Amino acid sequence: MSATAPVAEPTAGQARFRRILLASEGRPIPPAAVARTVELAEPGANVHVFTIARIHGTAFGMPSPGLFPNKKEWAAQRDIVGKTIKRLERKGLAADGHVLGTRNAWKKILEEAKKEGCEAIVMAADPDRNRMTANMMWSQEPQRVRRRAKLPVYLVVED
């Protein structure tokens, strides 16, 4: 992925939040998503960083150990969470986070936001694609989250 689009400066009357979920369906969290989270955060806000270690499916209708994330994939996701927490803390925000393995990323992201009492969700996203093919693509999880969420979802579009 290339550089992300520039982040707009906060405007008068822009919504601010005390608890934000910075989520990823497995992709690295870009600096622009962290910057957008900082923009949206009230002073003293808390950010929960959440990433998904993807479970790839089933074999013969049953969960198969070979389809679960391996140690390297778990470590990569924990590394994403750790680095993002450090970036947020350097910007003056309190942050925590964790990784979860699932097949339904959008559903777990929304459940995590509710469980953590988040008021908004920030995610990195690819540009919108044709909806017919997009529904079959894992990279469209941020758009699914936005469509199904009952709280504000801010997508930082990557080129």
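Let me start with one bridge. Ile 20 has its bridge partner in β4, and that partner is Ala 120. Keep in mind that this is a predicted model. In total, 4 bridges join β1 to β4, and the two strands run parallel.

Now the whole sheet. It is open, has 5 strands, and pairs in parallel. The order is β3-β2-β1-β4-β5. Which strands stand at the edges? They are β3 and β5, the latter covering 153-157. Each has a single partner strand, so one side of each is left without a neighbour in the sheet. On average, neighbouring strands are turned by 25° against each other, direction ignored.

α5, residues 141-148, lies across β4 and β5. Its direction is about 155° to β4.

Next, the packing. Nonpolar side chains tend to be buried together in soluble globular proteins. Here the largest nonpolar core has 23 residues. Ile 20 is back, among those with the most contacts inside this core, and so are Leu 22, Val 47 and Leu 88. Which elements give two or more residues? β1, α1, β2, α2, β3 and β4. β2 provides the largest share, 5 residues.

Take Leu 88. Leaving out residues up to four places away in sequence, Leu 88 touches Leu 22, Val 34, Thr 37, Val 38, Val 47, Val 49, Leu 93 and Ala 95.

There is also a second, separate core, with 16 residues. Ala 23, Phe 50, Ile 52 and Ala 149 are included in that core.

Last, the rings. The count is 1 aromatic pair. And the charged end of Arg 148 sits over the ring of Trp 106, 4.2 Å from the ring's centre.

Technical notes. Residues numbered from 1 in each chain as written. Predicted model: local features only at pLDDT ≥ 70, side-chain atom pairs only at ≥ 80, totals over all residues. Heavy atoms only, no water. Phe/Tyr/Trp six-rings, centres within 6.5 Å; stacked < 30°, edge-to-face > 60°. Lys NZ or Arg CZ within 6 Å of the ring centre and 35° of its normal. Core = buried A, V, L, I, M, F, W, Y, C linked by side-chain atoms within 4.5 Å. Buried < 20%, exposed > 50% of the residue type's maximum accessible area, 1.4 Å probe, protein only. Contact = heavy atoms within 4.5 Å. Pairing = 2+ DSSP bridges. Axes fitted to C-alpha atoms, helices over the stretch in contact; angles between N-to-C directions.
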